[in-house]
Amino acid sequence: MKKLINDPLKVADELLDGLVEAYDGQCKKVGTRSIIKNEIADNKVALLVGGGAGHEPIYHGLVGVNLADGAACGDIFAAPPPDIVLEATEAVDRGNGVLYLYGNYAGDVMNFDIGAELSSDSGINVSTVLITDDVCSAPPENKGDRRGIAGLVLIVKLAGAASQSVSDLKDLERIAKLAVLHTRSVGVSMAPGSIPATGKPTFEIDENLIGLGMGIHGEPGVSEIPMTTADDLTPKMLDLIIEDFINDTEIEELSKGDEILLLVNSLGATTMMECLICLRKAKEYLNEKGIVVYDTAVGPYVTCQEMSGISFSITKLNDELKKYWDMPCESICYTKL
Amino acid sequence: MGKENLDLSDTIEMVKQVAISIIDSEPLLTDADRNLGDGDHGLGMERGMKAVIEKIESSSFNQISDVFKSAGMAMMSSMGGASGALFGTLFRNGGKALDGKETLNSEGLKSFLNAANEGVKSRGGASPGDKTMIDALEPAAQKASENISLPLYELISLVSQAADKGKEESKDMIATMGRAKTLGERSLGHPDAGACSVAIILKSMSEFINQ
């Protein structure tokens with residue numbers, strides 16, 4: 001793999017320096033490897049995201065206006081260690097508590113939890129909401145075990161908007177949990193990405209197969225199916241999400257007239273051309289069912305280097321979530337006017 | 001004749017010895033992890049223990065608990081990922097159990113190991129038999145609790161043997177946690193890399209106390 005990098009061990013640090021430049025004065029780097037907004041209002045309930053690097057533009061690209069206040073960044077594909085979580089927490093805290101919102105992976109949970117303990121020791125009030133949108137990674141009755149994938153963009157957007165107006169941490173935690181409950185994703189993979197330091201593929205999959213429900217690091221999914229067309233695959237993937245809303249007793253199924261957000265994510269190598277072809281089919285399929293697509297987002301948001309694959313995420317809106325979705329936001333990862 | 005208790009400077013020396021043993025065992029740990037995980041455990045532990053030595057040599061300590069707690073933090077911040085969090089928790093929680101103690105004796109070793117074991121179990125969610133570091137740490141902690149009346153040098157020797165036995169027994173376990181879990185029965189026959197590290201740490205402590 002031809003990669004434009006320098007020292008493979010400095011990839012995470014150098015990309016973060018570049019990201020700060022790309023933000024052009026809105027954000028700054030603090031401590032070892034954290035990025036925070038330049039302006040965070042006094043008494044604001046802060047929203048902190050984070051995770052391993054190498055999946056750009058998330059998570060550190062989600063710091064911005066009406067989005068996250070800061071991000072704790074790990075090394076490539078590795079959770080940020082607790083002292084980085086602590087430095088990021090201290091940097092975004094304005095005395096009214098900090099919500100951690102990140103994807104449910106064992107390394108991230110352990111390190112953020114220790115970071116939370118260290119933050120509590122220094123008198124900062126911290127709560128955690130895990131992003132668990134990948135419906136193929138566990139059945140609805142164990143949905144707390146699910147991994148976090150591209151639905152995180154919608155969830156962080158909603159929580160970021162909410163963080164502007166809530167008066168306390170409990171309320172932000174409640175809204176973030178609501179956004180997680182209402183957001184479901186299904187992904188497929190067609191070819192692996194590579195690990196920047198070694199050039200090795202992140203997983204293996206047969207040339208002629210698609211991993212249905214496979215995770216962004218190659219975690220096993222539902223099944224491996226023969227390579228097919230965009231119009232054949234799109235309804236299969238959406239059906240898995242629709243069925244999950246039916247099977248989960250904690251939320252109403254998607255019915256005629258329901259309004260949703262629809263996000264089509266490229267894992268890196270899948271082109272905008274392919275994403276748009278899938279988006280067109282998705283819209284048509286959902287229209288047939290009478291499900292109203294209130295807003296769409298399409299592009300590479302949650303990537304794994306040059307991994308080939310796509311995911312669909314759906315957020316079922318209610319009045320409260322819709323109000324937060326309607327607020328404008330701005331960041332390198334996602335901007336809404 | 002071994003030591004019956006360790007003062008602050010003994011403790012600092014012992015933790016350095018432990019770090020050196022792990023660094024020297026890097027090829028062995030890398031091999032152990034290559035059979036089951038992604039092969040980065042040895043390099044991660046080496047990086048963590050180098051950070052421990054650096055931290056200990058550049059700090060001054062007032063009590064023995066701080067030596068272990070600093071070592072834990074150094075591992076967490078330099079290693080990252082799940083193993084940094086877990087081995088960091090081992091030293092940090094073990095160290096907390098020694099707060100206020102001026103020396104490390106048999107009672108202290110028992111408290112250290114039990115707090116470390118409980119901390120790692122609650123952090124990582126593993127139980128005995130899951131083919132993890134717990135399979136070396138839990139029998140070590142139990143052995144310490146059962147033989148508390150022995151002098152430190154005899155106790156640590158038994159503890160080290162118990163950890164080594166647990167590590168060996170992990171060969172017959174099927175992995176249910178971490179990256180090795182997708183291997184299922186193919187994980188049989190190899191010891192868990194984390195259990196190997198725990199066994200090396202305790203063996204090194206035993207050698208220091210008995211030298």
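The buried residues of helix H2 of chain A are A:Pro82, A:Asp83, A:Ile84, A:Val85, A:Leu86, A:Glu87, A:Ala88, A:Thr89, A:Ala91 and A:Val92. A residue is buried if 20 or more other C-beta atoms lie within 10 Å of its own, exposed if 12 or fewer, and partly exposed in between, with C-beta atoms placed from the backbone. H2(A) is thus mostly covered, ten of its eleven residues being buried. The model is predicted: local features need pLDDT of at least 70, side-chain atom pairs count only at pLDDT 80 or more, and totals for chains, interfaces and linings use all residues. Residues are numbered from 1 along each chain as its sequence is written, while chains are lettered from A and ligands numbered from 1 in the order in which they are written. Helices (H or I, at least four residues) and strands (E, at least two) are DSSP runs, numbered from the N terminus.

**Contact between chains A and B**

- Chain A contributes 13 residues to the contact and chain B contributes twelve residues; two residues are in contact if their C-beta atoms, placed from the backbone, lie within 7 Å.
- On the side of chain A that touches chain B, two or more residues are given by each of strand S4 (70–76), helix H2 (82–92) and helix H3 (106–121) of chain A.
- H3(A) provides the largest share of that side, five residues.
- The side of chain A that touches chain B comprises eight nonpolar, three polar and two charged residues. Here Ala, Val, Leu, Ile, Met, Phe, Trp, Tyr, Cys and Pro count as nonpolar, Asp, Glu, Lys and Arg as charged, and the others, Gly among them, as polar.

**Domains of chain A**

- Chain A is divided into domain 1 (10–181) and domain 2 (183–325), the bounds coming from an automatic or database domain assignment.
- The C-alpha centres of domain 1 and domain 2 of chain A are 22 Å apart.
- The contact between these domains takes 29 residues from domain 1 of chain A and 35 residues from domain 2 of chain A.
- Helix H4 (152–162) and helix H5 (169–181) of chain A each supply at least two residues of the side of domain 1 that touches domain 2.
- H4(A) gives the most to that side, with seven residues.
- By class, the side of domain 1 of chain A that touches domain 2 of chain A holds 20 nonpolar, four polar and five charged residues.

**Helix packing in chain B**

- Helix H5 (residues 81–96) and helix H6 (residues 106–124) of chain B pack at an angle of about 140°, their axes being 7 Å apart. Axes are lines fitted to C-alpha atoms, for helices over the stretch in contact, and angles run from 0 to 180 degrees between N-to-C directions.
- That angle makes H5(B) oblique to H6(B); angles under 35 degrees count as roughly parallel, over 145 as roughly antiparallel, 65 to 115 as roughly perpendicular and the rest as oblique.
- From H5(B), B:Ala85, B:Leu86, B:Thr89, B:Leu90, B:Asn93, B:Gly94 and B:Lys96 meet B:Phe112, B:Leu113, B:Ala115, B:Ala116, B:Gly119, B:Val120, B:Arg123 and B:Gly124 of H6(B).
- The residues of this contact of H5(B) with H6(B) are eight nonpolar, five polar and two charged.

**Backbone geometry in chain A**

- Most residues other than glycine have a negative phi, and most peptide bonds are trans.
- The peptide bond from A:Glu56 to A:Pro57 is cis, with omega near 10°, and A:Pro57 is found in the loop between strand S3 (46–53) and S4 of chain A.
- The peptide bond from A:Ile58 to A:Tyr59 is also cis, with omega near -20°; A:Tyr59 is placed in the loop between S3 and S4 of chain A.
- A:Asp24, not a glycine, has a positive phi of about 55°. A:Asp24 lies in the loop between helix H1 (11–23) and strand S1 (27–30) of chain A and is exposed, with 8 other C-beta atoms within 10 Å.
- A:Gln305, a residue other than glycine, has a positive phi near 55°. A:Gln305 lies in the loop between strand S11 (292–299) and strand S12 (308–316) of chain A and counts as buried, with 21 C-beta neighbours inside 10 Å.

**Individual residues in chain A**

- A:Ala53 lies in strand S3 of chain A and is buried, with 24 other C-beta atoms within 10 Å.
- Not counting residues up to four places away in sequence, A:Ala53 touches A:Ala12, A:Leu15, A:Cys73, A:Gly74, A:Asp75 and A:Ile76.
- A:Ala53 and A:Cys304 are 251 residues apart along the chain, and their C-alpha atoms are separated by 9.4 Å.
- A:Lys170, in helix H5 of chain A, counts as partly exposed, with 14 C-beta neighbours inside 10 Å.
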